[in-house]
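This short report walks a new reader through some features of a protein model. Please look at the sequence and the structure first, and then read on.

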Amino acid sequence: QEPIISYELHEGYNLISYIGLDNISIEEAIPNEFSEYITSISGEGMASIYSPELQQWLGNLNELDFGSGYWIETNTPINFYWNAERINTNFIIKKQY
């Protein structure tokens, strides 16, 4: 399934909104192909880092909330999108003409 919205993330910290379903785990929200590039996610008073050795997220940020902003840290520039199977389609996308 094609991503609805993609984000061009630069190396380092990027602030983006989460458009997926509420209370979805980080593992479900982020496609597996990005696990080696995303090193941490931070929200309001919560954060998690990805451990390549354990192949899991560690920290107190476990689930993402629709409409909230998160700081995504990457170790390289990537064209990122949320897992299309977990997208909340009950929002309006303003199309640019």
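Is S25 buried or exposed? The model in view is a predicted one, and the question is taken up under the first heading.

S25 has a relative accessible area of 18%, and because buried means under 20%, S25 is buried. This residue lies in strand β3, which covers residues 24-25.

When residues up to four places away in sequence are not counted, S25 touches N62 and E63. The C-alpha atoms of S25 and L64 are separated by 6.3 Å, although these two residues are 39 residues apart along the chain.

## The open sheet

Five strands, in the order β2-β8-β4-β5-β6, form an open sheet whose pairing is antiparallel. Its edge strands are β2 (12-17) and β6 (56-59), each of which pairs on one side only. On average, and with direction ignored, neighbouring strands of this sheet are turned by 25° against each other.

Within the sheet, strand β4 (residues 38-43) pairs with strand β5 (residues 46-51) in the antiparallel sense, over four bridges. S40 stands opposite I49, a residue of β5. In general, the strands of a sheet pair through backbone hydrogen bonds, either parallel or antiparallel.

With a relative accessible area of 53%, L15 is exposed, because the term applies to values over 50%. Together, Y13, L15 and W71 make a nonpolar surface patch of about 340 Å².

Definitions and conventions
Residues are numbered from 1 along each chain as its sequence is written. This is a predicted model: local features need pLDDT of at least 70, side-chain atom pairs count only at pLDDT 80 or more; totals for chains, interfaces and linings use all residues. Side-chain values use heavy atoms; hydrogens and water are left out. Two strands pair if DSSP finds at least two bridges between them. Helices (H or I, at least four residues) and strands (E, at least two) are DSSP runs, numbered from the N terminus. Axes are lines fitted to C-alpha atoms, for helices over the stretch in contact, and angles run from 0 to 180 degrees between N-to-C directions. Patches are made of residues with over 30% relative accessible area and no salt bridge: like charges are joined within 9 Å, nonpolar side chains (Val, Leu, Ile, Met, Phe, Trp, Tyr) within 5 Å. Accessible areas come from the Shrake-Rupley method with a 1.4 Å probe; for residues, only the protein chains shown count as cover. A salt bridge is a side-chain nitrogen of Lys or Arg within 4 Å of a carboxyl oxygen of Asp or Glu. Buried means under 20% relative accessible area, exposed over 50%, partly exposed in between (1.4 Å probe, protein chains only). Contact means heavy atoms within 4.5 Å.
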